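The tour below goes from one selection to the next, with a short account of what is found at each stop.

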Amino acid sequence: MDANNLSDLRREVDDLDRELVELVARRFDITRAIGEIKIREGLSATHPDRRAHRAGLLNELALRFGLDAGLVQRIYQ
């Protein structure tokens, strides 16, 4: 691997890291808004059926992309 290619790949990783943090921040903003709506509407804070369904979908995505499903679940918890 030449130095230019290594620099390009590192730049891509740096860009992806920034995008990942930005996506996590956006997700927190949305889940915070959902929580506010639930409080205002008197809804339950948790929805076990939805959580179980999402966990299954996340496991499928992890497998599809060759990731450890446990790692993906920990990220979302």
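Begin by selecting Phe65, which sits in the loop between α2 (48-64) and α3 (69-76). Keep in mind throughout that this is a predicted model, so every value on this tour is computed from the predicted atoms. Is Phe65 buried or exposed? Its relative accessibility is 59%, and because a residue counts as exposed when that value is over 50%, Phe65 falls in the exposed class.

Together with Phe65, Leu61 and Leu67 make up a nonpolar patch on the surface, and the accessible area of the three comes to about 310 Å².

Next, move to helix α1, which covers residues 3-41, and select Ile37 within this helix. Ile37 has a relative accessible area of 39% and is partly exposed, a class that lies between the cut-offs of 20% and 50%.

With a relative accessibility of 40%, Asp17 counts as partly exposed. Which residues gather with Asp17 in a patch of negative charge on the surface? Select Glu12, Asp14 and Asp15, and you will have the patch that these residues form with Asp17.

From here, zoom out and show the protein chain as a cartoon. It holds 3 helices and 0 strands, and the order of elements from the N terminus on is α-α-α. Why is the chain described as more spread out than a compact globule? The reason is that its radius of gyration is 18 Å, well over the 11 Å that the globule rule gives for 77 residues.

Finally, switch to a surface view. The accessible surface of the chain is about 7,000 Å², and carbon and sulfur atoms account for 57% of this area, while 5% of the 77 residues count as buried. If you colour the chain by charge, you will find 13 positive and 14 negative charges, whose mean positions are 7 Å apart.

Key: Residues numbered from 1 in each chain as written. Predicted model: local features only at pLDDT ≥ 70, side-chain atom pairs only at ≥ 80, totals over all residues. Heavy atoms only, no water. Helix = DSSP H or I, 4+ residues; strand = E, 2+ residues; numbered from the N terminus. Rg over C-alpha atoms; globule rule 2.2 N^0.38 Å. Buried < 20%, exposed > 50% of the residue type's maximum accessible area, 1.4 Å probe, protein only. Areas by Shrake-Rupley, 256 points an atom, 1.4 Å probe, with all protein chains shown as cover. Lys, Arg positive; Asp, Glu negative; His and termini not counted. Charge placed at Lys NZ, Arg CZ, Asp CG, Glu CD. Patch = residues over 30% accessible without salt bridge, like charges linked within 9 Å, V, L, I, M, F, W, Y side chains within 5 Å. Salt bridge = Lys/Arg side-chain N within 4 Å of Asp/Glu carboxyl O.
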